[in-house]
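Please walk me through this structure. Start with its charged pairs, then turn to a helix packing.

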Amino acid sequence: MKNLGKLLVTFVLTLCTAVSFASVNLTNPPEQVITEVTDEVLTQIRNHPELQKEDPSAINNLVDKHILPYSDFPRMTRMAVGPQWRNATPEQKEEIQALFRKLLIAVYSGALKEASDYSMQLGRNNINPNEKVVLVRTKLTASQREPIQLDYRLLKTKDNEWKVFDVNVGGVWLVENYRSQFASVISNGGINGLITELRKKANK
C-alpha cells in the first residue's frame, strides 16, 4: 500500500507538472487530456534525471512553477480537510494548504523514479461531455509487474478546462485517504490540532 500511495501522489504531482511541458489543450475531451498529459508525464520522467532524484527542493521548484497554475490543488486541500474547512480562518486555510502541499512533497519526493517503467492504457469509460465532474479510468502496466488501476476525477472549470482534483490508485483515493487521517486529528484538536500535526509531518 505504501508504494501505491507513492505512485498515487507521484501522478498527482507529475500530471500537473506535465501540462506546461506538453501544452495540452485542457478544453479537449477529458480522456484525451489524461492520455496526452500522462504520456508526457512518463516521457518527462524518463528524459529528465532531475525528476528522478530524491531531492525535495527540486520537486518543490516544479510544484511552484507548474502545479499551482494548472491544477485545482486548493479544492483537493478543502476536500481533504472536510467540513471543518469552513470553520477555519483565512490565515489557517492558507497555512493548511501550504503545509499539505509540503507534506506531499516531503513524503513522496522520491517516488518519481518508480513511475518511469510504466505505460498507460485507457479503461472502459462512458463519459457524458455535458457533466461537470467526470471519472476517467486508466491502467498502468509495466513488464514483470502487476497492472495498477489509476483513475482520475476531473472538474470542468468555468473556462471549460478539465482539471484533475483527485486520483485513485488501486482503489485508494488520495483525498479520501487524507480526509480519514485528518478527521481523527481534527476531532481531538480542531483545526489548530491539524495544523500542528501537519507541521510535524511536513518538517520530518
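**Salt bridges and a helix crossing**

The structure holds three salt bridges, a salt bridge being a side-chain nitrogen of Lys or Arg within 4 Å of a carboxyl oxygen of Asp or Glu. This is a predicted model, in which local features need pLDDT of at least 70, side-chain atom pairs count only at pLDDT 80 or more, and totals for chains, interfaces and linings use all residues. Residues are numbered from 1 along each chain as its sequence is written, and side-chain values use heavy atoms, with hydrogens and water left out.

Take Arg199 and Glu95. Their side chains meet in a salt bridge, 2.7 Å from N to O. Arg199 sits in helix H6 and Glu95 in helix H5 (residues 90-108), so this pair ties together parts that are 104 residues apart in sequence. Helices here are DSSP runs (H or I, at least four residues), strands likewise (E, at least two), and both are numbered from the N terminus. Arg199 is partly exposed, at a relative accessible area of 39%. Glu95 is partly exposed too, at 26%. The cut-offs are under 20% relative accessible area for buried, over 50% for exposed, and in between for partly exposed (1.4 Å probe, protein chains only).

Next come the strands. Asp151 forms a salt bridge with Arg137, with 3.7 Å between the closest N and O atoms. Asp151 belongs to strand S3 (residues 148-156) and Arg137 to strand S2 (residues 133-141), so the pair ties together parts 14 residues apart in sequence. Asp151 counts as buried, with 2% relative accessibility. Arg137 is partly exposed, at 39%.

Strand S3 also supplies Arg153. Its partner is Asp166, and the closest N and O atoms of this salt bridge are 3.4 Å apart. The pair links distant parts of the chain, Arg153 in strand S3 and Asp166 in strand S4 (residues 162-169), 13 residues apart. Which of these two is buried? Asp166 is buried, with a relative accessible area of 2%. Arg153 is partly exposed, at 29%.

Now back to helix H6. The axes of H4 (residues 73-81) and H6 (residues 174-202) come within 6 Å and cross at roughly 65°. That makes H4 roughly perpendicular to H6, a label that covers 65 to 115 degrees. Axes are lines fitted to C-alpha atoms, for helices over the stretch in contact, and angles run from 0 to 180 degrees between N-to-C directions. From H4, Met76, Met79, Ala80 and Val81 meet H6 residues including Leu174, Tyr178, Arg179, Phe182 and Leu194. Contact means heavy atoms within 4.5 Å. The contact residues divide into 11 nonpolar, no polar and one charged.

Terms used: Angles under 35 degrees count as roughly parallel, over 145 as roughly antiparallel, 65 to 115 as roughly perpendicular and the rest as oblique. Ala, Val, Leu, Ile, Met, Phe, Trp, Tyr, Cys and Pro count as nonpolar, Asp, Glu, Lys and Arg as charged, and the others, Gly among them, as polar.
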